[in-house]
Amino acid sequence: MKLTNYICLLAFLPLPCIGQTLKDAYRDYWYTGISVNQWQVKADLTGTNVHNVTGQVSNDQTSDWPVIVDNFNFVVAENCMKCEVIHPEEGIYDFTLADQFVDKARAAGMRILGHCLIWHSQCAPWFHYDEQGNLVSPEVLKKRMREHIFTIVNHFRGRIDAWDVVNEAFEDDGTPRKSLFYQILGSDYIPLAFQYAHEADPTAELYYNDFSMNKATKVEGVANFFRPLIKQGLPITAIGMQGHMILEDNTDNRLIKQYEHSIETIASLGIPTFFSELDISVLPNPYGFSGANVSDQFAYRPEMDPYIKGLSKEKTLELEQFWVDFYRMLISHHEDIIRVNFWCLNDANSWRNDFPINGRTDYATLFDRQSKPKPFVKKLIELLK
């Protein structure tokens, strides 16, 4: 073959992944994201801004910020935009932490997801009750939802690219979660939230997000709920799957096959999907537990915490193979995926150390406890070569 012909042929071949990070390697496939805690944005040496959040291994984790900027192009705040933080009392908003996060991410040229507008958990206690302690009427809750969504979305309009509008509204069997939102408004609160968010910022991408979306009953229940709404013009951009996984549940690649089915199910709606909160626990799974309901907790037992001194070689290889196989599956469906987002930067600040058993040592993220990428990350990058 002549050299000129060879050069022309190369022009039509996929480029090798020149970048050394996941965001560079997969830039033509999807955005690569990460959750960010408040101490990675700004040190809080006084300890006065402490909230019930994940990742408080230190009140100064700002040294992680360059790692975040170098390795990811999409960020989401772990907690500072949730209702109990940003709207703690009726008529009172506190944008302090959220503004710090958004300003720093925008200065770094990153895309930003607002998380989240309507969620039954970590919702300020006043939201559903009147002064006598009774549940408010449907009309009052609609008014509160609209004011809450409009105030927050308008505050960040032009600075935030997308919103998790509704979070975790379904049970694992695919039925609506009987949250206080549901008890007062039925499932109508879900399309109402999307309507309000779209009215507040017609340019923002709007997402639904949930855990246990590998389960067929759940993803099909969610899909069946949104299918007629999408046909009626619901302003929803994508449906997200959190992806809080447990390694021992992946026998015969079961988890990976389940998520492949879920990707295909959501794609059948005519909208894309994304992974919003990826991590995988290597620890024993107590009582066959699954999901990410933060109120579920089990008592500590030493046998449930086997890797305090480090991960075994066997488990390390098993974890590495999982991520390689998982990414191979994602690549085969990349046209239906808009973002692959991980939850917590490193093993030290991962919420999996304390959920669903407090005080364990887990290895759930892409980076070790010193915020160094684990060796298998290079293998994920090399999959595209």
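This is a predicted model: local features need pLDDT of at least 70, side-chain atom pairs count only at pLDDT 80 or more; totals for chains, interfaces and linings use all residues.
Residues are numbered from 1 along each chain as its sequence is written, and side-chain values use heavy atoms, with hydrogens and water left out. Helices (H or I, at least four residues) and strands (E, at least two) are DSSP runs, numbered from the N terminus.

**Helix H11**

The buried residues of H11 are Leu255, Ile256, Tyr259, Ser262, Ile263, Thr265 and Ile266. Buried means under 20% relative accessible area, exposed over 50%, and partly exposed in between (1.4 Å probe, protein chains only). Among the packing partners of these buried residues are helix H10 (216-231), strand S8 (273-281) and H12. Contact means heavy atoms within 4.5 Å.

**Helix H13**

H13 covers residues 375-382, with Phe376, Val377, Leu380 and Ile381 buried. Seen down the helix axis, the buried residues fall within an arc of 155°, so they line one face. The arc is taken from the directions from the helix axis to the C-beta atoms. Exposed Pro375 and Lys378 sit on the face turned away from the buried side. The buried residues pack against helix H2 (22-25) and helix H12 (313-332).

**Two buried aspartates**

Neither residue in the table has a salt bridge. A salt bridge is a side-chain nitrogen of Lys or Arg within 4 Å of a carboxyl oxygen of Asp or Glu. For charge, Lys and Arg count as positive and Asp and Glu as negative; His and the chain ends are not counted.

| Residue | Nearest side chain of opposite charge | Distance |
|---|---|---|
| Asp249 | Arg254 | 4.2 Å |
| Asp305 | Arg360 | 5.5 Å |

Asp249 is in the loop between S7 and H11. Not counting residues up to four places away in sequence, Asp249 touches Arg254, Leu255 and Asn285. Asp305 is in the loop between S8 and H12. A polar atom of the Asp305 side chain lies 3.0 Å from the backbone nitrogen of Thr361.

**Tyr196**

Tyr196 belongs to helix H9 (residues 189-200). Tyr196 is buried, with a relative accessible area of 6%. Beyond four places in sequence, its contacts are Lys142, Met145, Arg146, Ile149 and Phe150.

Key
A polar contact is a pair of N or O atoms within 3.5 Å; within protein, one must be able to donate a hydrogen and the other to accept it, and residues adjacent in sequence count only if both atoms are side-chain atoms.
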